[in-house]
Amino acid sequence: MTRIKLTLSIATSAIVFTAVSIAGPTFIQTEMANASTAAQRTPAAEDPAEAGKALPTAASPAELLKLLGERIKAKDVDGIIALHEPEAAIVNYDGSVIRGHKEIRAFYVDWFKSDPVLTVNPRQTVLAGGKRTGKEIRNRTAAIMGDYSLEQNAPDGTREKFTGNFCDTVQEQPNGTWLYVQDNPYPPHGNPTSAHH
């Protein structure tokens, strides 16, 4: 198992949230999120294996990050995949890109072998774009930015620790739920100076 696969992307790996990340991430919004949107919905599953499941879905970018953290902590690979668009991508440490549900699934299965513990601190979320239909705006995009620390097993069995910054892209779906489009724990473009080992 390579070091690249051991170092998981941050938004795709929020396990332990600090009080700041739960209670007070900074939001800069071009449009206010619809506060009346239900917190739980049946996801519009893209994979047939996911179609029969009724998992909670996210009504906001912050909720999406929270759900991802819960599913990573539970090592629920199917639940993690359900939070990603079918062509979503994860940026690897070397700048290469893991793309699509099949590759993302393989990435998580392999990464969970390292017994990861991750602390994520979202610092800013920027909502933009979308299309207005009457009083609602849908299909908005958001960038979630922050920092993280990660502890996991190294190939030699010792525990290793990492810190870094992340910038992830999430997309609002036509039904008002949010999914990951890109998970980038190494901005910009896999620059090794973005993650401190």
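The dialogue below walks through strands, a helix and salt bridges in a predicted model.

Trainee: What should I know about the model before reading it?

Mentor: The model is predicted, so local features need pLDDT of at least 70 and side-chain atom pairs count only at pLDDT 80 or more, while totals for chains, interfaces and linings use all residues. Residues are numbered from 1 along each chain as its sequence is written, and side-chain values use heavy atoms, with hydrogens and water left out.

Trainee: How many residues does helix α6 have, and which of them are buried?

Mentor: Helices (H or I, at least four residues) and strands (E, at least two) are DSSP runs, numbered from the N terminus. The expected span of a helix is 1.5 Å times one less than its number of residues. Helix α6 covers residues 100-111, has 12 residues and reaches 16 Å from its first C-alpha to its last, close to the 16 Å expected.

Mentor: For burial, the cut-offs are under 20% relative accessible area for buried, over 50% for exposed, and partly exposed in between (1.4 Å probe, protein chains only). An α-helix has 3.6 residues a turn, so residues three or four places apart point the same way. In α6, the buried residues are Gly 100, His 101, Ile 104, Phe 107, Tyr 108, Asp 110 and Trp 111.

Trainee: Which residue meets Asp 110 in a salt bridge?

Mentor: Side chains of opposite charge can pair when their charged atoms come close. The cut-off for a salt bridge is a side-chain nitrogen of Lys or Arg within 4 Å of a carboxyl oxygen of Asp or Glu. Asp 110 pairs with Lys 113 at 3.8 Å, N to O. Asp 110 counts as buried because its relative accessibility is 13%, whereas Lys 113 is exposed at 58%.

Trainee: How many salt bridges are there in the whole structure?

Mentor: A search of the whole structure finds nine. One of them joins the side chains of Asp 115 and Arg 159 at 4.0 Å, N to O. That pair links distant parts of the chain, 44 residues apart: Asp 115 lies in the loop between α6 and β5 (117-128), and Arg 159 in strand β9. Asp 115 is partly exposed, with a relative accessible area of 39%, and Arg 159 is partly exposed too, at 34%.

Trainee: In which sense do β8 and β9 pair?

Mentor: Two strands pair if DSSP finds at least two bridges between them. Strand β8 (residues 141-153) and β9 pair in the antiparallel sense over 13 bridges, with Thr 141 opposite Gln 171 in β9. The hairpin of β8 and β9 has five residues between the strands, and Gly 157 there takes a positive phi near 95°.

Trainee: Which strands pair with β10, and in which sense?

Mentor: β9 and β10 pair in the antiparallel sense over four bridges. Among the facing residues, Glu 172 stands opposite Trp 178 in β10, and Val 170 has Tyr 180 in β10 as its bridge partner. The two strands form a hairpin with five residues between them, and Gly 176 in the turn has a positive phi of about 95°. Strand β3 (residues 84-91) pairs with β10 in the parallel sense over three bridges; there, the partner of Ala 89 is Gln 182.

Trainee: Is Gln 173 buried or exposed?

Mentor: Gln 173 sits in the loop between β9 (159-172) and β10 (178-183), and it counts as buried at 15% relative accessibility. Contact means heavy atoms within 4.5 Å. Leaving aside neighbours within four places in sequence, Gln 173 is in contact with Glu 85, Arg 138, Asn 139 and Leu 179.
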